[in-house]
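Please look over the sequence and the structure before reading on.

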Amino acid sequence: MNSVFNEQILADKLSKLNSTQQCIETLSHWCIFHRDKAELVVTTWGKQFHSSEVAQKVPLLYLANDILQNSKRKGNEFVTEFWKVLPSALKEMVEKGDDHGKNVVSRLVNIWEERRVFGSRTQSLKDIMLGEQLPPPLEFGRKRSRSVRIVKRDSRSIKTKLTVGGTTEKIVSAFHLVISEHSTEDEEMNRCKSAVHHVRKMEKDVEMVLTKAKDPKRKTLSKELEEEENILKQCIEKLKVVEANRLTLVSQLKEALNEQESELENVRTQIQVFISFS
């Protein structure tokens with residue numbers, strides 16, 4: 001995943017966005033990868049949305065939806081920031097957009113309400129986001145203690161209570177993220193292998209074409225190579241997200257291992273002290 005991030009790079013990507021699932025998912029993954037810049041991402045998104053033609057606003061809404069739903073498991077940064085800008089964006093779409101745009105708005109708001117993307121509330125999300133008054137601030141549940149408590153029930157059963165932010169919870173969260181994206185990893189790996197295989201099969205054809213200055217196959221082969229190159233680039237972008245998630249898991253496991261080794265050494269030292277007094 002490209003580690004370089006600034007507002008101009010994002011603005012360029014947003015201006016080239018289209019409604020294809022692949023295009024939206026690729027940019028969504030890139031934005032989530034830079035979730036520490038969530039405020040700038042959403043602010044830039046808002047500027048692009050309000051300055052775009054009506055037709056371009058639809059893929060931007062699809063992008064917002066993809067980011068919202070896929071970033072929640074990593075934190076509420078994007079949910080909080082999009083809550084600030086989406087109401088005005090949706091109202092603009094309803095007031096100035098065509099029937100297709102209005103249907104997109106209605107469908108997305110229904111999805112967010114059903115899946116409680118912005119939390120649960122008694123008032124209709126549609127009434128809140130499209131109403132005259134400013135939406136109230138989002139409220140998320142309080143974070144509990146950052147510790148991990150282990151309660152011994154009997155000699156054969158240990159009940160572990162995980163709390164947000166603890167080492168065990170972080171490992172479980174990172175592991176769950178890796179497992180949940182395993183199918184995507186396999187799919188992208190296969191797409192990469194298929195593209196590489198296709199390019200290798202084309203090598204002889206390319207060599208033959210290069211020997212003839214006006215061979216009509218040149219244009220066709222050039223287009224095929226360009227398509228395979230684009231597939232490889234997209235696959236690599238997604239696989240780098242997978243790589244980052246696995247790196248996070250490995251880091252959490254190493255941290256836990258270091259903690260346990262330290263605790264083990266401490267226990268051994270105490271045992272020796274107690275033995276000397278026995």
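## Contacts and overall composition

Two residues are in contact when heavy atoms of theirs lie within 4.5 Å. Among contacts in this protein between residues at least 6 apart in sequence, 66% join residues at least 24 apart. The model is a predicted one.

The protein contains 10 helices and 2 strands. Along the sequence, these elements follow the pattern α-α-α-α-α-α-α-β-β-α-α-α.

## Burial and surface

The protein has 278 residues, of which 33% count as buried. Its accessible surface comes to about 18200 Å², and carbon and sulfur atoms account for 51% of that surface.

## Helix α3

Helix α3 covers residues 38–51.

The buried residues of α3 are Ala-38, Val-41, Val-42, Thr-44, Trp-45, Gly-46, Gln-48 and Phe-49. These buried residues pack against four helices: α1 (7–15), α2 (21–33), α4 (54–71) and α5 (77–96).

## Thr-26 in helix α2

Helix α2, one of the elements against which the buried residues of α3 pack, also holds Thr-26. Buried means under 20% relative accessible area; Thr-26 has a relative accessibility of 17% and therefore counts as buried.

Apart from its neighbours within four places in sequence, Thr-26 is in contact with Gln-234, Glu-237 and Lys-238.

Methods: Residues are numbered from 1 along each chain as its sequence is written. This is a predicted model: local features need pLDDT of at least 70, side-chain atom pairs count only at pLDDT 80 or more; totals for chains, interfaces and linings use all residues. Side-chain values use heavy atoms; hydrogens and water are left out. Buried means under 20% relative accessible area, exposed over 50%, partly exposed in between (1.4 Å probe, protein chains only). Accessible areas come from the Shrake-Rupley method with a 1.4 Å probe; for residues, only the protein chains shown count as cover. The expected span of a helix is 1.5 Å times one less than its number of residues.
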